[in-house]
Amino acid sequence: DFAVQIVGAVDDGTDFATSIGRMRFEVDDGSPAENAVGGAWTISTTTTAGANTERMRIDNAGNVTKPTNCAFSVVSAAVTNITGDGTNYTMIYATEIFDKGGDFSTSTFTAPVTGVYLLGCMLNISGIASGQTDGRLTFVTGNRSYSVLIDDLTADDVGGYMRGTYTVMADMDASDTATMLLDVTGGAKTVDVDGGNQFYGTLLQ
């Protein structure tokens, strides 16, 4: 149920009854009582196909959700012998945990709008040999690249394995892309990407 609804309508060439968005104050309470009824505020916009879609909700506890806000989280499969000799390897992610907006494909995130994005990566690699002391993980976007230098790789690894978590805030234009590059130097191509590497991101503003 809702108590108040404000609808914005425009002339579509036939009449002035075509909705382009609405705001509602809704009942959000499973156990309403006298002088105590929880409420929610929702904002919806209309897609170009004419579907009215909820974009933001503030519930009775003050939680703010944005059901269609751009966000993704993907996971890699295991791949062997991808770097170690200085090869730049573009990370490939085989499984999507979620992809709100459908903006991710295989290795590439494409920004749907201009804004500031939080991008992150969980790195799991193995097969590191004693001479492979230097590594670099790079967030590559259309505007710039963000490199994390791991200049003492063998000191960080345990039994040839290395784990790390990295994040950046990236300014991206609409249709800009973001990918992850990994390179390790100092030896042969023996470094593996283990299963479970993650790449994730969301639109902040």
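How far is the sulfur of Cys70 from the closest cysteine sulfur, and in which residue is that sulfur? The sulfur of Cys70 lies 17 Å from that of Cys121, too far for a bond. The views below show a predicted model, in which local features need pLDDT of at least 70, side-chain atom pairs count only at pLDDT 80 or more, and totals for chains, interfaces and linings use all residues. Residues are numbered from 1 along each chain as its sequence is written, and side-chain values use heavy atoms, with hydrogens and water left out.

**View 1. Cysteines Cys70 and Cys121.** A disulfide is taken as a pair of cysteine sulfur atoms within 2.5 Å, and the count by this rule is 0. For Cys121 the closest cysteine sulfur is in Cys70, at 17 Å, which is too far for a bond. Relative accessible area is classed as buried under 20%, exposed over 50% and partly exposed in between (1.4 Å probe, protein chains only). Cys70 is buried at 7%, and Cys121 is buried at 0%.

**View 2. The open sheet and its S1-S2 pairing.** Strands (E, at least two residues) are DSSP runs numbered from the N terminus. Two strands count as paired if DSSP finds at least two bridges between them. The open sheet has 5 strands in the order S1-S2-S3-S4-S5, with antiparallel pairing. S1 and strand S5 (64-65) are the edge strands, each pairing on one side only. Between S1 and S2 the antiparallel pairing runs over 8 bridges. Within this pairing, Val7 stands opposite Arg22 in S2.

**View 3. A nonpolar surface patch.** Patches are made of residues with over 30% relative accessible area and no salt bridge; like charges are joined within 9 Å, and nonpolar side chains (Val, Leu, Ile, Met, Phe, Trp, Tyr) within 5 Å. Accessible areas come from the Shrake-Rupley method with a 1.4 Å probe, and for residues only the protein chains shown count as cover. The nonpolar patch shown here consists of Val4, Ile6, Met23 and Phe25, which together have about 340 Å² of accessible area. Strand S1 (2-10) and strand S2 (18-27) are the elements that give two or more residues to the patch. Val4 is found in strand S1 and is partly exposed, with a relative accessible area of 40%.

View 4. Side chains of opposite charge can pair when their charged atoms come close. A salt bridge is a side-chain nitrogen of Lys or Arg within 4 Å of a carboxyl oxygen of Asp or Glu, and the model has 6 by this rule. Arg24 bridges to Glu26, with the closest N and O atoms 3.9 Å apart. Arg24 is buried at 17% relative accessible area, and Glu26 is buried at 16%. Glu26 also meets Arg57, at 3.2 Å from N to O. This pair links distant parts of the chain, Arg57 being in strand S4 (residues 52-58) and Glu26 in strand S2, 31 residues apart. A further salt bridge joins Arg57 to Glu54 at 2.9 Å, N to O. Arg57 is partly exposed at 24%, and Glu54 is partly exposed at 25%. Through shared partners, salt bridges join Arg24, Glu26, Glu54 and Arg57 into one network.

Key
Helix = DSSP H or I, 4+ residues; strand = E, 2+ residues; numbered from the N terminus.
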